[in-house]
Amino acid sequence: MTSVMASTSPQAGADIFERILAASSGLVVLDCKDAHVLIEQFRAIARHTGQAVYLWQPDTGLGSLRDAHARVPDCQRLGNALRYMQQSMHFGVYFLLGLELPLSAMDATLLRQLARAPKEHLRRVVLIDAPAPLTEHLGELAVRMSSEDSQPRRLRLRDGRWLV
């Protein structure tokens, strides 16, 4: 086990993923210390659960975290990826890493529309370490989260043992 992986608990990724799914908005701004470790935890969750979890980066475009070599066609550019997310009728969690400002007016509009998406379709768009001006621009449309656990751990009794 590497020292980076040892510094974060494997359960941390699952806890953050559950908080993302429970968010009141379709758009989540996630602040984290080490985005790459967190992405690897989300990759493990996607492979274990089989859920549709995607990662968009400027250099690679939109791809599945579950299947490392599966890329979504024509989603290299941010605008195309956002339109794909908006038009998808299926469950999906989309992580966006490496957003750079300025965003085009159309991209900003698509982000606001994704934040207001109907509740019938569980879709979450997660901006990882988004630039501060962008989070200020989105205002109350986006739910802000941190990868650091801000809530105290609750102990649970399972099989005669107390678990954190």
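Visitor: Which strands does helix α4 (residues 78-87) lie across?

Guide: Contact means heavy atoms within 4.5 Å. Helix α4 lies across β2, β3, β4 and β5, running at about 165° to β4. Axes are lines fitted to C-alpha atoms, for helices over the stretch in contact, and angles run from 0 to 180 degrees between N-to-C directions. Helices (H or I, at least four residues) and strands (E, at least two) are DSSP runs, numbered from the N terminus. This is a predicted model: local features need pLDDT of at least 70, side-chain atom pairs count only at pLDDT 80 or more, and totals for chains, interfaces and linings use all residues. Residues are numbered from 1 along each chain as its sequence is written, and side-chain values use heavy atoms, with hydrogens and water left out.

Visitor: What is the order of the six strands in the open sheet?

Guide: Strands of a sheet pair through backbone hydrogen bonds, either parallel or antiparallel. Two strands pair if DSSP finds at least two bridges between them. Here the order is β3-β2-β4-β5-β1-β6, with mixed pairing. β3 (61-64) and β6 (143-146) are the edge strands, each pairing on one side only.

Visitor: How many bridges join β1 to β5?

Guide: Four, and these strands run parallel. Val28 has Val126 of β5 as its bridge partner.

Visitor: At what angle do α4 and α5 pack?

Guide: About 25°, with their axes 10 Å apart. That makes α4 roughly parallel to α5; angles under 35 degrees count as roughly parallel, over 145 as roughly antiparallel, 65 to 115 as roughly perpendicular and the rest as oblique. Among the residues in contact are Leu82 of α4 and Leu110 of α5.
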